[in-house]
Amino acid sequence: MNVANLQLEGLLMAVASINHLLVQKGVLTAEEIDQALRKVEAGETSEQRSEGMSASSRDAVSFPIRLLELANQCQPEADMPSFSKLARMVGQIKEPYNDQM
């Protein structure tokens with residue numbers, strides 16, 4: 001596996017863990033984190049931002065955001081699923097874009 005992919009995997013799991021801790025400590029709610037993630041995903045997948053992007057490129061941009069959204073849904077009681085489990089879940093819930101055929 002590409003070392004950069006492993007670094008991103010570690011970074012995503014670190015951010016997910018920090019988000020989990022922020023909720024446990026009462027600094028943020030899971031809903032606030034979810035709202036922030038949805039906002040950034042909407043901005044990154046907007047027509048202006050994604051104009052000329054292929055569907056696979058948009059999926060690549062959305063993947064880390066969606067993974068963090070799923071990890072956030074495990075807040076705060078459950079243990080954090082592994083990266084591979086979260087990645088599979090992202091693939092299972094992915095919706096097609098309007099321009100895909």
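Which residues in H4 meet which residues in H5? In this predicted model, local features need pLDDT of at least 70, side-chain atom pairs count only at pLDDT 80 or more, and totals for chains, interfaces and linings use all residues. Residues are numbered from 1 along each chain as its sequence is written, and side-chain values use heavy atoms, with hydrogens and water left out.

From H4, the residues are Phe63, Arg66, Leu67, Leu70 and Ala71. Their partners in H5 are Phe83, Leu86, Ala87, Met89, Val90 and Ile93. Contact means heavy atoms within 4.5 Å. Helices are DSSP runs (H or I, at least four residues), numbered from the N terminus. By class, this contact holds 10 nonpolar residues, no polar ones and one charged. Ala, Val, Leu, Ile, Met, Phe, Trp, Tyr, Cys and Pro count as nonpolar, Asp, Glu, Lys and Arg as charged, and the others, Gly among them, as polar.

H4 and H5 pack at about 110 degrees, with axes 9 Å apart. Axes are lines fitted to C-alpha atoms, for helices over the stretch in contact, and angles run from 0 to 180 degrees between N-to-C directions. The two helices are therefore roughly perpendicular (65 to 115 degrees).

The largest nonpolar core has 15 residues. Such a core is a set of buried (under 20% relative accessible area) Ala, Val, Leu, Ile, Met, Phe, Trp, Tyr and Cys residues joined through side-chain atoms within 4.5 Å. Helices H1 (3–24), H2 (30–44), H4 and H5 (83–93) each give two or more residues to this core. H4 gives the most, with five. Leu67 touches Leu12, Phe83, Leu86, Ala87 and Val90, not counting residues up to four places away in sequence.

Terms used
Buried < 20%, exposed > 50% of the residue type's maximum accessible area, 1.4 Å probe, protein only. Parallel < 35°, antiparallel > 145°, perpendicular 65-115°, else oblique.
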